Amino acid sequence: MSTITIPFGPQHPALEEPINFIFEVEEEKVVNVTPRLGYIHRGIEKLAENRTYLQNVYLAERICGICSFAHAACYSQAVEGLLGTEVPEKARFIRTIIGEMERVQNHYLWLGLTAKEMGFETLFMYAWRDREKMLEILELISGKRVNYGVNTIGGVRCDISSEMLEEIKDKLHQLEERAEYYKSVCTKDQTVLKRTVDVGILAPRDALELCAVGPTLRASGVARDVRSDYPYAAYGEVPLRVVTYKGCDVFSRILVRIDEILVSTGIVEYALENLPSGPIRVRVPRAVPEGEAVSLVEAPRGEDLHYLKSDGSEKPVRLKVRAPTLANLLPLCKMLVDVNIADIPVVIAGIDPCIACAERVMMIDAESRKRKMWSGEELRRYAIEWYQKR
Amino acid sequence: MEWRRAQEVRDRVVPEEVTALLQLALFPGFLFLIVLAFFIEWFDRKLVAKFQNRYGPLHVGPKGILQPFADFVKLLSKEDITPEFADRTPFLLMPLLMFALAVTPLFSVPIADHSALVSFEGDLIVVMFLMTLTALLLLVGAWVSTNRFSTIGGIRTGLQLFGYEIPQNLVMVGPAIATGSLSVSRIVQQQTGGIWFVLTQPLGFVVFAICLLAHLQRVPFDIPEAETEIVGGWLVEFGGRKLALIRLAKDLELVLAGSLMTSLYLGGTGGLDSLSALVYLLKLLACVFILSNLRALFARYRIDQLLVGAWKYLIPLALLQIGLVEVFPW
């Protein structure tokens with residue numbers, strides 16, 4: 001039986017962002033898959049080295065449009081760690097609240113997209129309509145629907161006043177109801193079940209070995225969550241349940257995310273009830289003492305990691321971002337083997353990919369068609385040599 | 001009987017050839033069918049939009065009613081590309097043939113009167129044959145456009161045909177057995193006097209609606225097009241004028257599907273004596289309403305799931321219906 005190679009992307013209706021997969025297909029089954037990144041590299045890490053620590057908060061926010069808060073919070077935490085700043089209690093609570101709100105809107109967005117990949121347009125329209133409510137809440141608090149600009153080094157910039165509480169709670173309640181409804185739709189609708197149950201299997205062992213993160217990992221039955229394992233912001237003080245399902249398939253990933261919506265709205269409600277009073281930010285010096293810091297945040301898509309190196313000046317020496325999608329790419333390739341061509345989009349959507357987050361430097365040798373990752377030092381040397389030759 | 005006398009006078013004054021020509025070109029011929037196709041597309045889009053909590057077409061004409069026509073004109077003005085490796089002649093002919101195959105069976109369906117423009121004993125068989133040819137034509141069109149996505153789409157069209165064609169043709173024969181004639185017009189006339197076949201053969205009607213969804217390649221059976229999977233499938237290389245014609249042909253197929261449901265199961269033009277065209281239109285809209293409703297309800301099936309479902313459920317149900325008709329031939 002001969003194999004056919006089918007290119008998937010970088011331009012494809014099922015992909016919101018450019019990435020390329022080369023599928024080797026036998027009849028309708030995928031036997032091998034090669035991912036190829038590099039279509040949307042923006043050089044953000046390099047850019048960060050030329051800006052001050054404060055400017056970089058807003059740069060970090062733009063790594064990803066959907067989990068913008070997670071990246072900014074992660075970066076701010078790293079800087080605060082280097083400075084030794086104690087963030088005020090109220091700011092920690094507000095960070096938790098906005099983080100969970102972002103999770104809710106992301107999961108709604110994801111539910112809609114996955115429904116669209118299944119050809120279930122009506123669910124797509126409904127989920128996105130309901131997501132608007134969360135965006136309205138975020139707009140009410142921060143003035144923006146995406147890239148909220150809430151974080152700053154040493155705290156947050158927006159306060160949640162008591163006049164907003166009623167509207168926020170009302171909308172949260174509606175979002176909760178809709179999430180319950182979608183759960184019943186997804187567990188009862190035959191077409192959804194047919195397209196997702198036992199599709200894109202990722203065994204718990206594979207998930208751990210290939211370093212899957214976030215809802216993808218939790219849908220394989222592994223209870224790992226930065227929020228409970230290494231609590232940051234106010235996560236030690238709010239009720240948190242780590243949702244896991246043991247199905248290891250796309251269906252479990254749907255259930256994990258819908259349940260997480262319910263958990264998140266619970267956390268937001270609790271945090272709003274118990275919102276402490278006091279200042280929301282503290283002043284910090286512009287220059288950061290020499291050192292290295294690693295910061296972890298549970299973004300909606302999974303564990304987000306920022307590494308920061310400082311030499312005592314006003315600008316960082318190195319910022320390294322490991323976005324959750326990058327960690328989930330290898331598990332994705334594992335899931336894609338042995339699925340039907342028709343199931344490819346659903347499985348890819350299942351990890352909630354955000355390609356722009358994941359883009360880092362990768363060199364591809366055009367002649368031997370080999371690819372390798374370069375370290376920053378190698379890249380620097382290559383750049384110097386290249387310019388000398390000119 | 002003022003109206004009948006007027007008709008007789010008209011028949012005497014206007015030569016028969018001219019009337020036939022006018023009927024063919026204007027009503028209920030090409031012009032009417034094409035306008036109807038655009039209208040039905042608008043109706044379908046607007047309806048599904050309502051179900052999905054959207055607005056749908058809004059700007060061209062009142063309530064966006066001219067939007068399908070505007071889309072058609074826009075596509076006509078677009079660049080017309082033929083892929084370098086495509087088999088040119090069949091690739092160019094494919095949209096024309098598809099349009100012809102969609103419009104021809106409509107002449108055998110009674111629209112303005114209890115008898116169709118082209119009516120003879122056995123025209124039901126011709127309609128079935130042309131509908132199957134359409135699916136085969138898609139396979140050929142996909143194959144000659146030499147695109148990997150369209151090849152997959154074309155093969156899926158062929159596979160889908162294996163699934164829905166047999167039950168569809170079986171349940172189309174049901175009303176014919178009950179009437180004792182293989183003419184669509186005769187089936188309509190039979191129901192005008194008696195009872196609608198949807199009441200005596202409800203099972204057949206349900207199976208027929210499901211099979212038509214598969215024939216029209218609409219959700220949940222839009223497997224050969226499956227935009228998110230194979231980027232439009234067999235359609236992928238067609239653009240400009242060709243795509244415009246193909247879209248018009250697809251609209252006409254929707255009209256054909258609704259008309260067949262109307263004629264075979266809902267009594268066709270029968271009902272009010274002098275307003276048969278209006279009766280037909282109302283019933284057609286009701287049928288399109290059913291088809292649109294189903295489109296908004298489901299996610300897409302996979303091709304293997306469709307085939308298993310068709311052979312496991314649709315074909316036995318269709319056979320059961322035929323058996324019941326044989327036993328109780330009303």
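Q: What covers the buried residues of α5(B)?
A: The cover includes α3 (30–51), α6 (123–144) and α12 (240–265) of chain B. Helices here are DSSP runs of H or I, at least four residues, and strands are runs of E, at least two, numbered from the N terminus. The model is predicted: local features need pLDDT of at least 70, side-chain atom pairs need 80 or more, and totals for chains, interfaces and linings use all residues. Residues are numbered from 1 along each chain as its sequence is written, chains are lettered from A and ligands numbered from 1 in the order written, and side-chain values use heavy atoms, without hydrogens and water.

Q: Which residues of α5(B) are buried?
A: They are B:Phe91, B:Met94, B:Pro95, B:Met98, B:Phe99, B:Leu101, B:Ala102 and B:Val103. Buried means under 20% relative accessible area, exposed over 50%, partly exposed in between (1.4 Å probe, protein chains only).

Q: Where does α5(B) bend?
A: At B:Met94, by about 35 degrees. The bend is the angle between axes fitted to the seven residues ending there and the seven starting there. A proline, B:Pro95, follows within four residues.

Q: Why is B:Glu41 called buried?
A: Its relative accessibility is 8%, so B:Glu41 counts as buried. The residue sits in helix α3 of chain B. Beyond its neighbours within four places in sequence, B:Glu41 is in contact (heavy atoms within 4.5 Å) with B:Pro68, B:Arg247 and B:Asp251.

Q: What makes B:His215 buried?
A: Its relative accessible area is 7%, so B:His215 is buried. Its helix is α10 (residues 202–216) of chain B. Not counting residues up to four places away in sequence, B:His215 touches B:Met131, B:Tyr164, B:Gln168 and B:Glu253.

Q: Why is the pair B:Arg302 and A:Asp343 called a salt bridge?
A: A salt bridge needs a side-chain nitrogen of Lys or Arg within 4 Å of a carboxyl oxygen of Asp or Glu. The side chains of B:Arg302 and A:Asp343 meet at 2.6 Å, N to O, so the pair qualifies. The count between chain B and chain A is 1 salt bridge.

Q: Which element gives the most to the side of chain B that touches chain A?
A: α7(B), with 4 residues.
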